[in-house]
Amino acid sequence: MMDAAILASVLATVIAAATPLLFAALGELVTEKSGVLNLGVEGMMLVGAVTAFAIAVVTGNLHVGVLGGALAGALMALLFGVLTLTLMANQVACGLALTIFGIGLSALLGDSFVGIPLDGLPELDIAGLTDIPMLGTVLFSHDLLVYLGIAMVPLTALFLTRTRWGLVLRAVGENHEAAHGLGYSVIPIRYAAVAFGGAMAGIGGAYLSVAYTPMWVEEMTAGRGWIALALVVFAAWRPWRLLLGAYLFGGVSILQLYAQGGALFDVPSQVLAMLPYLATIVVLTVLSSRGVRALLAAPACLGKPFHAA
Amino acid sequence: MWRLEQRSAPSVPMQVATPFIALAASVIAGGVLFTALGHPPLPALYAFFIGPVTTSYGLAELAVKATPLILCAIGLAIGFRAGVWNIGAEGQLTLGAVCGGGLAAMVFYDASGVWLLPLMLLAGAAAGLLWAAIPAFLRTRFGVNEILVSLMLTYVALLALSALVHGPWRDPTGFNFPESRFFPPDATMPLILAGTRLHLGFPLALLVALIAWYALARTILGFQLDVAGLAPRAARFAGFHPERTVWLVFLVSGALAGLAGVIEVTGPVGGQLVPVISPGYGFTAIIVAFLGRLHPVGIVLAALVVALSYLGGENAQITEGLPQAVTGVFQGFLLFFLLAADVLVRFRLRRVAHA
C-alpha cells in the first residue's frame with residue numbers, strides 16, 4: 001500500500017513530465033489544423049531547449065531563456081514554412097530535414113554549455129493553496145510553465161472553436177481551395193500556424209532544459225517530439241483529449257522511472273525505458289484499428305501543398 | 001517581381017543539377033558557419049572537405065563510411081519512391097547488428113569456418129527484415145502511421161542493444177566494460193586494401209546498388225513502385241496492391257539496414273558489440289536517399305559526399321578545433337538546400353512586369 005504523500009508527489013511528477021509533451025503537441029495540433037504536417041517537432045524542441053538554456057545561463061534570467069526558446073522554435077518553424085509553403089517542398093521530407101538539422105544545430109550551439117549547472121525554474125508558492133495536504137502537492141507545487149501549459153488547453157480550444165480566426169484557420173486546413181475562394185490568404189495563415197507550433201515546441205524544449213532537468217545534454221528530448229506527434233493523432237485533433245493523452249504518457253514515463261528506482265520488477269532499466277515508445281505504438285494501433293472515425297478527424301488538407309494558380 | 005510558374009513536366013536537367021546546387025550552397029553556408037564560429041573559412045573548409053581525402057587511407061575511410069549509408073539509403077529510396085516512409089533504418093540496422101553479432105559473440109565465439117560470416121550476414125538481414133515487418137504489419141492491418149511506428153521501434157532497438165551489452169552479453173573477461181566478447185577471426189569482414197580499413201562490405205554495397213538499379217529500372221516491380229508513389233489510384237486500378245507495396249518496401253529496406261548493421265560490427269566497429277554502433281547512419285541515409293535522387297547510382301555518389309561530412313567533422317575537430325557537431329549541421333544544410341532547390345524541378349522562375 002503506497003503512502004498517500006508519496007502518491008501525491010508521484011502525481012505531481014506526472015504533471016511535470018506531461019508538460020513538455022503538452023506544449024509541443026498543442027503547437028503541432030494548431031499547425032495540423034491549418035493543414036500543415038510538420039514532422040520537425042523533435043528538432044524544434046531541441047533548438048528551443050538549447051537556446052533557452054544558453055540564454056538562461058548567460059543572462060541569469062530563466063524567463064528570458066524560455067522566451068528565447070520559444071523564439072528559436074518559431075524561427076526553426078519558419079524555415080520549414082519557407083520550404084513547404086513558399087517553395088512547396090514535400091512536407092514529410094522537410095519535417096525530417098528539420099529534425100536532422102535541429103539535432104545537429106542544437107549539439108553545435110550547446111557544445112560549450114554541456115555540464116554547466118543551472119538553478120531550475122522555481123516552484124510557485126500560491127498563498128493558501130500549496131499548503132493544502134495532498135491536493136496542494138499534486139496541483140499547486142509547480143513552476144509557472146506547468147500552469148501555462150494547462151492554461152493553453154482551454155485557450156487553444158476556445159481559439160479554434162469560438163473565434164473568427166480560429167474558424168478561418170480550420171477552414172484553411174479542411175479545404176484550402178474554398179478558403180482561398182472566400183478571400184482568405186491561405187499561405188500567411190499557415191505561416192502563422194506553423195510559427196505558433198514552433199514556438200510551442202520551443203517552450204516544450206525549454207521546459208526540459210530550464211525546469212524539468214535544468215541542464216543541457218545532446219538529444220535530451222529523447223523522442224518526446226515524436227511522441228507529441230503521436231499524441232495529436234491520439235487526441236483526434238482535440239485539445240482536451242490532448243491533455244488526457246499528455247498525462248497518460250507522462251504517467252508511463254514516470255512509472256518507468258519509479259519502477260527503475262524501486263526495482264519493482266527484476267528487469268534491466270533499459271527495458272523499462274522502452275515503455276513510453278512501446279506505449280505509443282500500442283495506443284496508435286488501438287486508435288487506428290477503429291479505422292475511419294479517427295481518420296475523419298484529421299484535417300482534410302493535412303500535408304497537401306497549396307499553390308494559388 | 002519574380003513569380004513561380006508551374007512547369008508542364010518536371011525538368012530533367014534540373015533534377016540532375018539541384019543536388020550540385022545544394023552541395024555548392026551547403027559549402028558556402030559551411031564557410032559562413034565556420035566564420036561565425038570564429039574560424040577563418042578557407043582553412044576550415046579545406047580541413048572539412050579536402051584534408052580527409054588527401055591520403056589513400058582517407059579515401060578508403062570514405063568508402064568505409066559510405067557502405068552503411070548506401071545499403072540503408074537504397075532501401076529507404078525504394079520506399080520513398082512508392083510514398084512509403086520507413087524512418088526506422090537506424091533501429092533495423094541496430095537489430096541486425098545485435099542478431100548477427102550476437103551469433104558470433106554468444107553462440108559461435110570459438111567456432112571457425114568460412115560459413116560463419118555469411119551466416120551472420122543472413123541473420124542480421126533477417127533481423128532487420130523482421131523488425132521492419134512490425135510497422136509494415138501495423139500499417140497494412142490497422143492503418144497505423146508507419147513513420148511513427150518505425151521511429152519508436154528505433155528507440156526500442158537502441159535500448160535493447162544497450163541492455164544486452166550492459167547485461168547478459170557483457171564480456172566475462174572484459175573488466176566490466178559494456179562490451180561483448182570479441183568475435184572469432186572468421187566472423188570479421190575481410191579487409192581488401194592493405195594498410196586501410198577498407199573491407200568486403202563496400203563492394204557488397206555496390207553490388208546491392210547495381211541489383212537495385214536493375215530491379216527499379218528494368219523490371220515491372222520498379223514500375224509498380226513508381227506508379228504507387230506518383231498515382232496511388234492508378235496503381236490500384238492496375239491491380240498493384242498498396243498493401244503489397246508497403247510490405248515489399250519494409251522487408252527490403254529492413255533487410256538492407258540489418259545487413260549494414262552486421263557489416264558495421266564485423267568491420268569498422270572492430271568485431272564486437274558495443275553500446276553505440278552507428279553515428280546515426282540510418283537517419284543520415286534519409287539525406288543520402290534524397291541527395292541521390294532516389295536513384296541507386298545517385299545514392300552511391302551521394303553516400304560518398306555525406307561520408308565526407310563525417311570524416312570532415314572529425315578532421316576539422318583535430319586540425320581546426322571545430323566542434324564535431326558541425327557534421328550534423330552540414331548534413332542538415334545539404335537536405336534543406338536540396339529540398340529548396342527542388343522547387344526548380346517543378347516550377348520555373350518567371351519575371352512579371354508588375355504585381
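1. Ground rules. This is a predicted model, where local features need pLDDT of at least 70 and side-chain atom pairs count only at pLDDT 80 or more, while totals for chains, interfaces and linings use all residues. Residues are numbered from 1 along each chain as its sequence is written, chains are lettered from A and ligands numbered from 1 in the order in which they are written, and side-chain values use heavy atoms, with hydrogens and water left out.

2. How much the chains share. Interface size is often quoted as the accessible area lost when the parts come together. Here chain A and chain B bury about 3500 Å² between them, 85% of it on carbon and sulfur atoms (accessible area, 1.4 Å probe, that two parts lose on being put together, summed over both). On the chain A side, A:Ile100, A:Leu108 and A:Gln270 lose the most area to chain B, together 17% of what that side buries.

3. Who takes part. Each chain puts in 42 residues, with contact meaning heavy atoms within 4.5 Å. You'll find 0 salt bridges between chain A and chain B (side-chain nitrogen of Lys or Arg within 4 Å of a carboxyl oxygen of Asp or Glu). Polar contacts link 3 residue pairs, both residues at pLDDT 80 or more (N or O atoms within 3.5 Å; within protein, one must be able to donate a hydrogen and the other to accept it, and residues adjacent in sequence count only if both atoms are side-chain atoms).

4. Chain A's helices at the contact. Elements giving two or more residues include H3 (62-86) and H4 (91-109) of chain A; helices are DSSP runs of H or I, at least four residues, numbered from the N terminus. H4(A) has the largest share, 12 residues.

5. A look at H3(A). Its 25 residues reach 35 Å from first C-alpha to last, close to the 36 Å expected at 1.5 Å a residue (1.5 Å times one less than the number of residues). A:Asn61 caps the N-terminal end, with a side-chain oxygen 2.9 Å from the backbone nitrogen of A:His63. Just after the helix, A:Met88 takes a positive phi of about 55°.

6. Inside chain B. H10(B) is largely enclosed by the rest of the structure, because 18 of its 25 residues are buried (under 20% relative accessible area, 1.4 Å probe, protein chains only). B:Glu146, in helix H6 (residues 146-166) of chain B, also counts as buried, at 6% relative accessibility. Leaving out residues up to four places away in sequence, B:Glu146 touches B:Gly83, B:Val84, B:Trp85, B:Pro135, B:Arg139 and B:Phe250.

Technical notes: Buried means under 20% relative accessible area, exposed over 50%, partly exposed in between (1.4 Å probe, protein chains only).
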